Amino acid sequence: MPEWLHAPDLWLARLVLQRGLGGCYLLAFLVALLQFRPLLGEHGLLPVPRFLARVRFRDTPSVFHLRYSDRLLVAVALVGILLSLTVVLGLPDAWPIPLTIATWLVLWALYLSIVNVGQTFYSFGWESLLLEAGFLAAFLGPAWSAVPAPVLWLFRWLLFRVEFGAGLIKMRGDPCWKKLTCLDYHHETQPMPNPLSWYFHHLPGPLHRLEVLGSHFAQLVAPFLLFFPQPIATFAGLFIALTQAWLLLSGNYSWLNFVTLLLAASALDGAVLGHVLPLGRASMSVVPWHDGLVLAITVLLVALSYQPARNLFAREQLMNASFEPLRLVNTYGAFGSVTRKRYEVVIEGTNDERLTPATEWREYEFRGKPTDPKQRPSQWAPYHLRLDWLMWFAALSPSYPPRWFPPFMEKLLRGDAATLRLLRHNPFPVHPPRTLRAVLYRYRFTTWRERRDTGAWWERTRVGDYFPPTRLSA
């Protein structure tokens, strides 16, 4: 086989990609195990059986088309966790190539089965990103086999689409990206701030401009440099990694930044990674049939790249879209528009028989999204709080409560234990409330002086009702 098919100096990049993606799959299946049933299970907010009754297998491939049950979901998640652990521990490095390929493809197929029935709770771009990266990882081969160079180039192509797609979405979207002012607002209005977001928001204006310029370079210039010879490709990969680390410090974006950081390893020179991971390299063998398979997969994925590549330059660019149900090659992007004001839906309950101006309302508190102004924002990424993220989206359109919201209110009125476990604090631990309502508030970060005087991270102002007072019918 030609020498260009192999990249022996990138064996550490392969190790980082495999172990890191194994960890992300482990986390994704853990999230499914803990959150899927109350959100999407047989008695969830958007039950999967109802969804499957109106979709076809060819449009949403999933093992759950055969039969859905909460027990089967648990089995799928547990198998995914077990296989992910084997990857994280490096066990497949000693296995035959067919077995390593099978391990990754089972991980990919099981998670695809979950995502394709996850509806709005699984509509995030990082779901497709993890699936696409996991499919590519299946063909990297174990540690004893030659490193397939085409697969590493496909990882760079994936990183290119993640970054360049996001950059183009911004240039075509909110004017504040061109004016370099978006981060005057974004740290405060992002879906789920973390413990450092308050401090990032209060950085001086010139530093916010520098943040935006760095983002533009990472998303509009560096992606092209990924395909240049070394050390230019390494510089591009390191710069992208730096911006992703900055995002990790400033907000909670599930595993999006972690996967993107891993992808950047595909562009790094082996000597650079060797300084970080001083490990001894095992001897590697060329397996001709594996090289042939890699070439066939490369041709397939290049062909499937036509529509995602065309979308990058389309006037109506799609964001976080898949063009085929297996999600093998996708398009990505985020925050084409930035909200200037933060709104939050606060759910309140009472046991009063009659509602009067003096009625005592008690608030439910979520794990990640702001509720109590004195509660410091929490660090959750790379773990994904699906309900909290959807609550942020719900607040963006207060006139149109999403279809999962009334069932959510009903679950709280019934004191459903599985649903309550998704929350940080239940103000009615003994028995559920008689009446629930949802109120819309405007939230803003406190100033330095307000923070010092009150100890609060947020200041909030009531805007109006979001969901009227409701009770269970007789």
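Here is a walk through a predicted model, starting with its sheet and moving out to some helices and single residues.

Some bookkeeping first. Residue numbers start from 1 along each chain as its sequence is written, and side-chain values use heavy atoms, with hydrogens and water left out. Since this is a predicted model, local features need pLDDT of at least 70 and side-chain atom pairs count only at pLDDT 80 or more, while totals for chains, interfaces and linings use all residues.

Let's begin with the open sheet. Four strands make it up, in the order S4-S3-S7-S8, and the pairing is antiparallel. Strands here are DSSP runs of E with at least two residues, helices are runs of H or I with at least four, and both are numbered from the N terminus. Two strands count as paired if DSSP finds at least two bridges between them. Strand S4 (362-363) and S8 sit at the edges with a single partner strand each, so one side of each has no neighbour in the sheet. As background, strands of a sheet pair through backbone hydrogen bonds, either parallel or antiparallel.

On one side, 9 bridges join S7 to S3 (residues 342-350), and the two run antiparallel; tyrosine 343 stands opposite arginine 442 of S7. Towards S8 (residues 458-470), S7 again has 9 bridges and an antiparallel run, with phenylalanine 445 opposite tryptophan 458 in S8. How many of the 11 residues of S7 are buried? The count is 9, so the strand is mostly covered, where buried means under 20% relative accessible area, exposed means over 50%, and partly exposed lies in between (1.4 Å probe, protein chains only).

Helix H16 (residues 386-396) lies across S3, S7 and S8, and runs at about 105 degrees to S3. Helix H17 (residues 405-413) packs on the sheet too, touching S3, S7 and S8, and its direction makes about 115 degrees with that of S7. Contact means heavy atoms within 4.5 Å. Axes are lines fitted to C-alpha atoms, for helices over the stretch in contact, and angles run from 0 to 180 degrees between N-to-C directions. The buried residues of H17 are Phe405, Phe408, Met409, Lys411, Leu412 and Leu413. After H17 comes glycine 415, with a positive phi near 65 degrees.

Now for a helix pair. Helix H11 (residues 232-250) packs on helix H12 (residues 256-264) at an angle of about 165 degrees, with their axes 9 Å apart. The two are therefore roughly antiparallel; the cut-offs are under 35 degrees for roughly parallel, over 145 for roughly antiparallel, 65 to 115 for roughly perpendicular, and oblique for the rest. On the H11 side, the contact uses Gly237, Ile240, Ala241, Gln244, Leu247 and Leu248, and H12 supplies Asn257, Phe258, Thr260, Leu261 and Ala264. By class, that contact has 7 nonpolar, 4 polar and no charged residues. Here Ala, Val, Leu, Ile, Met, Phe, Trp, Tyr, Cys and Pro count as nonpolar, Asp, Glu, Lys and Arg as charged, and the others, Gly among them, as polar.

H11 also holds threonine 234. This threonine 234 counts as buried because its relative accessibility is 7%. Leaving out residues up to four places away in sequence, threonine 234 touches Ala267, Leu268, Asp269 and Val272.

A second pair is H1 (residues 11-40) and H5 (residues 125-137), which pack at about 135 degrees with axes 10 Å apart. That angle makes H1 oblique to H5. Their contact brings together Gln18, Leu21, Cys24, Tyr25 and Ala28 of H1 and Leu130, Leu131, Ala133, Gly134 and Ala137 of H5. Those residues divide into 8 nonpolar, 2 polar and no charged.

Finally, two loop residues. Glutamine 190 is in the loop between helix H8 (186-189) and helix H9 (197-201). Is glutamine 190 buried or exposed? Glutamine 190 is buried, because its relative accessible area is 0%. Beyond four places in sequence, glutamine 190 touches Ser197, Ser250, Gly251, Asn252, Tyr253, Arg342 and Trp392. Threonine 339, in the loop between strand S2 (330-331) and S3, is partly exposed at 27%. Its C-alpha atom is 7.2 Å from that of tyrosine 185, 154 residues apart along the chain. Again leaving out residues up to four places away, threonine 339 touches Tyr185, Thr189 and Leu396.
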